[in-house]
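Hi,

Here is the structure I promised to pass on. Have a look at it first, then read my notes below.

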Amino acid sequence: MAPDPGAAGIDRAGYDLIVLANRLPVDRVADSAGADRWQRSPGGLVTALHPIMRAQRGAWIGWHGQPGPPPDPFTHDGIRLHPVELSEDDVDGYYEGQSNATIWPLYHDAVEQPIFDRDWRRSYREVNERFAAAAAGLAAPGALVWVHDYHLQLVPGILRRLRPDLRIGFFLHIPLPPVELFCQMPLREEIMRGLLGADLVGFQHPHGTRNFQRLAAHLLAAKTTGEVIEHAEGVTTAATFPISIDVATQQRLADDPQVRARAAEIRRELGDPQTLILGVDRLDYTKGIEHRLTAFGELLAEGRLDPAKTVLVQVAVPSRQRIDHYQALRERVERTVSRINGVHAGIGRLCVHYLHQSYDRAELAALYLAADVMAVTPLRDGMNLVAKEYVATRTDDTGALVLSEFAGAAAELSQAWTVNPHDLDRLKDAIVAAAHAEREQQTARMRPMRAHLRRHDVNRWAADFLNRLETPAGRGRVEAAA
Ligand code: GDG
C-alpha cells in the first residue's frame, strides 16, 4: 500500500466530523497479483456516512482487523482512516471478552450466559481510553464526534473530559436491556457515566431509550424530562433513531438482469421447489436459527410442509469463531441440519441447504429474490437489516416475511407475519401461512412495508442523527445523500 504524502499536515488541521467504531470501514484484501489493498466494507453504515464524511472533511477511527502494530493513517475513497492498535491481549480482553462474551449476551436478554471477567474489564477500559485519546487528538475545535456501538461505551465520557468543546453523539446498534438485567454488569455505573458523556445518545427502539432513562435514574439519580436527561455532569438527550438500509442500492440490485437471472438459476439448482424458505444471519445465538430449524423439521415431520416440494436455505455467515458460545452453537446447528436432512431428504434432494459461508451483495440479493418466504426469527435483535433488505429487494411486492417481534425491525415492518420465536406452534403456523399466502395477500403486506423503507432509508437515519447532534451549535443542516 502506497504511503500517504502530506498526511501529517492533513491531520494537524483537525477534523470537523469524526466517526469512531470498533472497525474501520475497510477490509484488507489481496489483489490478483497477491499484493494487499484496502476495500470498502459492504455495510450500510459506511454507505450512509460516506458522502457526509467526504463533504465535511471527516475522519474515521477504528481497528483495521489484525492484532499488532497498525498501518499509518491513510486516505481511502476520500475519507481519512486512523487505525487504532489492538494487541493480541486487547483482542482477547476488550473485543472477544468484554464486548462479545459479556456485553453482547447481556444486552440480548442474556439468551446466553454472560461471562464476567476482571481482566476483560481492564482491557475494555484501556482500549476505550485509546480510542478517546485518538479522537481528542484529531478533532477540530467544536467538531462533531459520532461514537458507535457497545464496544466503545466509555468513550463519550472520557472524551468529554479531554475535550469539553466537542459535540459528542453515541449510537447503540444493539438493544439496551432493562434495569434488572443491565445491573448484573460490574461496570454498570462506569458505562452509564460513559454514555452520559455524550450530548446525544441514540437507540434503535423506544424500549432502549426508555431503559436508558430508567438506568440513569436508578444508578445515577438523573432526572428525565421529555428526551432530556439531567445528570451530575450536564445534560444528555436520549432518542430513538431506527437504522435502515441503502434502499436505492438494494433496488438497483433487485432490478439488475444478472441478479434476476441468478435468482432463477438458484431455484433451478435447488430442484425448482414449490416453496423456498430463506434464512440469512451471522451464525449467532441471538438470531434464533435453532428455533427456525426446529420449526421447519417439525413441519416436515407432520406433513404440513412437503419435503419433496419445500427447501430451506440457511446462510449462516461465520462469526466470532474463537468464542466458546459460537463454537457450541455451530455444533448444535449442524447437528440439527443433519438430523433433518437425514430423515427427510432424498438422493440428490436436500431439505436444508446450510451454507456456512459469506456471500457478496449481488448473490444475497439473488437469494432474496429467489425466496418465497424469508424467515427472520431472532430471540433479540437491535434492528435486523436482513429483514429490511428482503423487503426492499421485492420490487414487485411479492414474497412473505416472517419476522420475530423481538427484532427492532418489527416496530416498523408491522405487516410482516410477526411471531414470538419461543412459541414454536405459532412460529410453525406463521411459516405455513406465509408459505401459502396468495399473491394479493403478499402484495397487500409487502407494498406498505416497501413504501415505509423508501421514506426511511439509511441516509435519512444518518442525517437525522447528525442534525440532531449539531442543533445547538447552529451550523448548517446535513442533507440526506441522494
Ligand atoms: C448489528 C445488530 C443491527 C449478511 N450476510 C452477508 C452479509 N450480510 C449483511 C446483511 C446485513 C448485515 O450483514 C447484517 O446485519 P443485521 O442487522 O442483520 O445483523 P448484525 O450483524 O447482528 O448487526 C443489528 C445492525 O447491527 C445495524 O445497526 O440491525 O440488530 O445486531 O446488511 O446483508 N454481508 C456480506 N456477506 C454476507 O455473506 N458482505
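**What I found**

K428 is buried, at 3% relative accessibility (buried means under 20% relative accessible area, exposed over 50%, and partly exposed in between, with a 1.4 Å probe and protein chains only). One thing to know before going on: this is a predicted model, where local features need pLDDT of at least 70 and side-chain atom pairs count only at pLDDT 80 or more, while totals for chains, interfaces and linings use all residues. Residues are numbered from 1 along each chain as its sequence is written, and side-chain values use heavy atoms, with hydrogens and water left out.

Back to K428: its salt-bridge partner is E298, with 2.7 Å between the closest N and O atoms. (A salt bridge is a side-chain nitrogen of Lys or Arg within 4 Å of a carboxyl oxygen of Asp or Glu.) K428 sits in helix α15 (residues 424–436) and E298 in helix α11, so to speak a link between distant parts of the chain, 130 residues apart. Helices (H or I, at least four residues) and strands (E, at least two) are DSSP runs, numbered from the N terminus. E298 is partly exposed, at 30%. Through shared partners, salt bridges join E298, E302, R304, D425, R426, K428 and D429 into one network.

The count of salt bridges comes to 39. Another one pairs D381 with K287 at 3.0 Å, N to O. D381 lies in the loop between β16 (373–376) and α14 (385–393), and K287 in the loop between β13 (275–282) and α11 (289–301), 94 residues apart. Both of these residues are buried.

Now, which residues are closest to the ligand? They are H173, Y359, D381, L385 and E389, out of 21 that surround it (near means that a heavy atom of the residue lies within 4 Å). K287 turns up here too: an N or O atom of its side chain is 3.0 Å from a ligand oxygen. From Y359, a backbone N or O atom lies 2.5 Å from an oxygen of the ligand. The protein covers 82% of the 730 Å² of accessible area that the ligand has on its own (Shrake-Rupley method, 1.4 Å probe).

Finally, confidence. The chain averages a pLDDT of 94, and 95% of the residues score at least 70; pLDDT is the predictor's confidence in each residue, from 0 to 100. Over residues 473–477 pLDDT stays under 50. Where pLDDT is low, the predicted coordinates should not be read in detail.

Cheers

Terms used: Contact means heavy atoms within 4.5 Å. A polar contact is a pair of N or O atoms within 3.5 Å; within protein, one must be able to donate a hydrogen and the other to accept it, and residues adjacent in sequence count only if both atoms are side-chain atoms.
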